[in-house]
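Subject: Structure handover

Hello,

Here is the structure I promised to pass on. Please open it alongside this note.

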Amino acid sequence: MLVLVAPGQGAQTPGFLAPWLELPGAADRLAGWSAAAELDLARYGTEADADEIRDTKVAQPLLVAAGLLSADALGVTPGMLAGHSVGEITAAALAGVIPADEAVAFTAARGRAMAEAAAVTGTGMSAVLGGDPDTVLAHLDSLGLTPANINGAGQIVAAGTLEQLAELSANRPEKARVIALKVAGAFHTAHMAPAVAALEALAPKLAVNDPSVPYVSNADGQTVDSGAEVVRRLVVQVSNPVRWDLCMETFVARGVTAIIEVSPGGTLVGLAKRALPGVRTLALKTPEDLDAARELIAEDAEAAAASEAPAEQEPLQR
């Protein structure tokens, strides 16, 4: 069982899209998505510096476009699809829930709405690494912070005001490290409520179909069969926590044996390596990773076929 996963905001790095645009047809596809997003995604993905692509309005459609390009280049139908935060829109498009151009346009609107919501109050996010999860969650609650991402593998991302995050940095949970994240707001918290309203107005305009591949929602780690329900979750997701830990539990329950993370891959594969021992992983960082990904897929399919084949019977002893 192969699951294809798509990363969220923060995975982008300067110039990461450049090698993907060398693939046949990629530049033309990106030009169409740039028009849909009303952004020059090619420039942002190849020439812009870290500060430019950190901007929520830019980062989100750029990530979705990159994920779609790399998945198209891989050309495989996975056993399941899932995405982290904005990566859920990538997964929804790959599952056929939303057409690719509408997905990029919706993501651009999401980025703008979230940036506007973040501008109202000084907010941010910090990763809490290690420590007892229950102790960490209780500590965040005592500071008025929201566990915006519960990622598993000993990682919880706290979100709230800059003052609350400063207190967290000064007063860390026992046996935990705190790392401030380079994001512009408290995503997946009540601070993003204005963005929900903006997306609710856009959702009825989308051409929606039911998923063609099992789609795992990071709201609760459950598979969602209805396209309308997928879109509803995409809308409310911006102000609700990401439960990637529950997604990984579903991967295990469904018998996932391999995980490939679309571009710019690395973050989710890192979590899987720590939380899912025995599951093979690969991150699509550049097109040079495509051959290794296809080899992994072929080997995974062979192993699955071998496990399903009837065992040879021993000859009867007379």
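Predicted model: local features only at pLDDT ≥ 70, side-chain atom pairs only at ≥ 80, totals over all residues.

Side-chain values use heavy atoms, with hydrogens and water left out.

**The six-stranded sheet**

Helices (H or I, at least four residues) and strands (E, at least two) are DSSP runs, numbered from the N terminus. Two strands pair if DSSP finds at least two bridges between them. On that basis, six strands form an open sheet in the order β8-β7-β2-β1-β9-β10. The pairing is mixed. β8 (223-224) and β10 (280-283) stand at the edges. Each has a single partner strand, so one side of each is left without a neighbour in the sheet. Helix α5 (residues 87-94) packs on this sheet and touches β1 (2-6), β2 and β7. Contact means heavy atoms within 4.5 Å. The direction of α5 makes about 155 degrees with that of β2. For such angles, axes are lines fitted to C-alpha atoms, for helices over the stretch in contact, and values run from 0 to 180 degrees between N-to-C directions.

β1 has two parallel partners. Four bridges join β1 to strand β9 (residues 258-261), and another partner, β2, pairs with β1 over four bridges. L4 sits in both pairings: its bridge partner is I260 in β9 and L81 in β2. On the β2 side, the chain of pairings goes on. Two bridges join β2 (residues 80-83) to β7 (residues 215-216), again in parallel. There, L81 has Y215 as its bridge partner.

β1 is mostly covered, with five of its five residues buried. Buried means under 20% relative accessible area, exposed over 50%, and partly exposed in between (1.4 Å probe, protein chains only). Both faces of β1 are covered: L2, L4 and A6 are buried on one side, V3 and V5 on the other.

**The four-stranded sheet**

Four strands form another open sheet, in the order β4-β5-β3-β6. Here the pairing is antiparallel. β4 (146-152) and β6 (176-180) are the edge strands. Each has a single partner, so one side of each lacks a neighbour in the sheet. The twist averages 25 degrees from one strand to the next.

β3 and β6 pair over five bridges. S126 is in strand β3 (residues 123-130). At 5% relative accessibility, S126 counts as buried. Leaving aside residues up to four places away in sequence, its contacts include I156, L165, V178 and A180.

**Cores and helix α4**

A nonpolar core is a set of buried Ala, Val, Leu, Ile, Met, Phe, Trp, Tyr and Cys residues joined through side-chain atoms within 4.5 Å. The largest such core has 76 residues, and L17, L41 and I260 touch the most other members. Helix α4 (residues 56-74) supplies the largest share, 10 residues. Apart from this core lies another, of 17 residues, among them M248, F251, V256 and V279.

In α4, 16 of the 19 residues are buried. The helix reaches 27 Å from its first C-alpha to its last, close to the 27 Å expected at 1.5 Å a residue; the expected span is 1.5 Å times one less than the number of residues. At its start, a side-chain oxygen of D55 reaches to within 3.0 Å of the backbone nitrogen of K57. Just after α4, G75 takes a positive phi of about 65 degrees.

**Backbone spots to check**

Most residues other than glycine have a negative phi, and most peptide bonds are trans.

- The peptide bond from S263 to P264 is cis, with omega near -5 degrees. P264 lies in the loop between β9 and α12 (267-275).
- E38 has a positive phi of about 60 degrees. E38 is in the loop between α1 (26-37) and α2 (41-46), and is exposed at 65% relative accessible area.
- A153 has a positive phi near 55 degrees. A153 is in the loop between β4 and β5 (155-161), and counts as partly exposed at 30%.

Best wishes

Key: Residues numbered from 1 in each chain as written. Polar contact = N/O pair within 3.5 Å; in protein donor to acceptor, adjacent residues only side chain to side chain.
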